Amino acid sequence: MLKVHRDICGYCGCCVSVCPEGALELIDAYLSVEEKCTDCGICAKVCPVGALEARHGK
Amino acid sequence: MESKYDVLVIGGGPAGAIAAKSAAEKGLKTCLVEKRPAIGAPVRCAEGIGREALMEFIEPDPCWISAEMTGAAIVAPDGTLMQLSSAQAGSKVGYVLDRKFFDRELVWRAADAGADIAVKSRAIAPILENGAVKGAKIEHLGKVTSITADVIIAADGVESKFSKWCGIDTTVPVREIMSGAQYVMTDIEIDPHSTIFYLGNEVAPEGYLWVFPKGDRSANVGIGISGRKSGKGHRAIDYLNKFVEKTFPDGKTIEHIIGGVSVCRPLDCTVADGLMIIGDAARVVDPLTGGGIYNGMFTGRLAAEVAAEAIARGNVSKKALMPYDKAWRASKMGKAIDRNYNIKEYLIKQSDSKLNDIIHSGSKLDLKEFSTLMLIKELIRVNPKLVIELGALAASLR
C-alpha cells in the first residue's frame with residue numbers, strides 16, 4: 001500500500017486530483033489512503049515534493 | 001447550520017464564495033461548507049489576476065491586494081527577455097492578490113448576503129436518491145450531519161472529490177496536472193510592478209516558472225511542471241530550488257507552498273440531477289496560464305443564477321440545470337479555455353530553440369489590450385511562420 005511520508009507531505013491535494021481510484025482524501029492537514037488504493041504510483045510521480053512512495057508500483 | 005437549504009455550496013474558495021453570495025442575494029436559503037478550519041489558508045496560488053477580470057466582481061481594495069502590475073515579461077530558454085506593456089503606458093493591467101484576505105473578504109460578503117457558513121466542516125459523502133444528488137453528509141469535529149438541499153454546488157477545487165462520489169469522473173490525466181511549488185520570498189531584487197514568466201524545458205518542462213511581485217522586494221516565486229515530467233530528483237520543488245539558488249541566492253523564504261493545477265479540458269458535463277460543478281472542480285482553469293480565480297468566480301455566479309431559476313420552477317434535474325453548462329461554454333471564458341487549450345498543446349511540443357526564435361522576434365510588445373489573446377495575436381504578427389504552424393487555430397484568432 002502507498003506510503004505517505006507525513007514529514008514531507010504538504011497536504012496540497014495534487015495527488016488527489018490524479019488518483020484514478022478516488023482512493024486519496026485530504027482531511028485538512030493529513031492525507032488519508034483508502035483500502036481501494038492499487039499502489040499504481042501515479043500520485044507518487046506527480047507529488048511536487050516527493051512525499052508519496054508506491055511500494056510495488058511503477 | 002440547519003438541516004435543509006435551497007443551495008448547499010461545498011468549498012469556500014473564490015468560486016464557492018461567489019456562488020454562495022449570488023445565491024443568497026437571489027433570496028435562496030444558502031449554506032457554504034469549508035473543510036479547512038480557516039478560509040483562505042493555506043494558499044495554493046500564484047495570486048495573479050487581470051484588472052478587468054477582478055473588477056467584474058469586486059472593487060480592488062488595498063486590504064487584499066499585495067501589488068499592482070503595469071506590465072509583464074517573458075524570459076526565453078536562452079535568457080532573452082521580452083517585455084509586454086500596455087499601449088497605455090503605466091496603466092494598471094493586473095494585481096497580485098493576498099489570497100488569505102481576498103478569500104476571506106468574499107466569504108464575508110457571502111455571509112453578509114445571508115448565507116450560512118460552516119468551517120472545519122467536510123463533505124464526506126453525497127446523499128443520493130435514485131441517482132439524483134439530494135444533499136451531503138457533513139462531518140464536523142467527529143460528528144456527521146445530513147444536510148439536504150435542492151441544488152448542491154461542488155466547489156471543492158483541484159481535488160474535486162464530491163462530483164467523483166456522485167459518479168462523475170473528475171480525474172486529471174497525469175500529463176495535464178501541473179505539479180507546483182512556490183516560495184513567498186523577500187529581500188530580493190525585482191521589478192515590483194511586472195510579472196515575469198520563464199519558459200524552457202530546463203527551467204520548467206511543459207510549464208513555466210513565475211515571479212509575481214508582492215511588494216518592492218518580495219514576490220511569489222513559483223513553478224508548475226507537467227505531471228509526466230515529474231519524478232524522483234526532478235520534481236517541481238527541485239526545479240524551483242535550482243532557480244532560486246541561481247537567481248535569488250540571498251533571498252529569504254517566508255512561506256512554502258505546494259499544489260496542483262489542472263490544465264486539461266473542462267469536464268464533459270458540469271451538471272447532474274441536483275448537482276452543479278464550478279471552478280477548479282469543473283476543470284475550468286485556463287489551460288495556458290493556469291489561472292483559475294476569475295473562471296471560478298464566473299462559473300460560481302452563473303451557477304447560482306441558473307440554480308435560482310431552476311429552484312423557482314421546482315425542477316432541479318440535469319436538464320433544468322443544463323443552461324449553466326451551455327452558458328459558460330458559450331461565454332468569452334469558455335471560448336478562451338478552448339482556444340488556450342489548443343495554444344498550450346502547441347507550445348508544450350516546442351523545443352527550446354523554437355521558443356527562443358518566437359521570443360527573439362520582439363523584445364518589446366505594446367499590447368492594445370493586456371490579455372493572452374492579444375499577446376498571441378501579436379506573436380503571430382511578428383512570427384508569420386506561426387500562421388502556418390498553428391493552422392486553423394491561427395485563423396480562429398483573427
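A polar contact is a pair of N or O atoms within 3.5 Å; within protein, one must be able to donate a hydrogen and the other to accept it. I kept that in mind while going through this predicted model.

**Entry 1: chain B as a whole**

I began with the secondary structure. Chain B holds twelve helices and 19 strands. Next I checked the radius of gyration. For chain B it is 21 Å, close to the 21 Å that the globule rule gives for 398 residues, so chain B is as compact as a globular protein of that length. I also looked up the extent of the C-alpha trace. Along its principal axes it spans about 60 × 45 × 45 Å.

**Entry 2: inside and surface**

I looked up burial. Of the 398 residues in chain B, 57% are buried. The accessible surface of chain B is about 16500 Å². Carbon and sulfur atoms account for 52% of that surface. Then I turned to contacts between residues at least 6 apart in sequence. In chain B, 71% of these join residues at least 24 apart.

**Entry 3: charges**

I noted 50 positive and 48 negative side chains in chain B. The centres of the two sets lie 4 Å apart.

**Entry 4: Glu206(B)**

Glu206(B) sits in the loop between β13 (194–198) and β14 (208–215) of chain B. Is Glu206(B) buried or exposed? Its relative accessibility is 12%, so Glu206(B) counts as buried, as the cut-off for buried is under 20%.

Which side chain does the side chain of Glu206(B) make a polar contact with? I found that of Arg228(B), at 2.7 Å. Leaving out residues up to four places away in sequence, Glu206(B) also touches Met178(B), Asn201(B), Ser226(B), Lys229(B) and Ile348(B).

Technical notes. Residues are numbered from 1 along each chain as its sequence is written. Chains are lettered from A and ligands numbered from 1 in the order in which they are written. This is a predicted model: local features need pLDDT of at least 70, side-chain atom pairs count only at pLDDT 80 or more; totals for chains, interfaces and linings use all residues. Side-chain values use heavy atoms; hydrogens and water are left out. Helices (H or I, at least four residues) and strands (E, at least two) are DSSP runs, numbered from the N terminus. Buried means under 20% relative accessible area, exposed over 50%, partly exposed in between (1.4 Å probe, protein chains only). Contact means heavy atoms within 4.5 Å. The radius of gyration is taken over C-alpha atoms; the globule rule is 2.2 Å times the number of residues to the power 0.38. Accessible areas come from the Shrake-Rupley method with a 1.4 Å probe; for residues, only the protein chains shown count as cover. Lys and Arg count as positive and Asp and Glu as negative; His and the chain ends are not counted. The place of a charge is taken as NZ of Lys, CZ of Arg, CG of Asp or CD of Glu.
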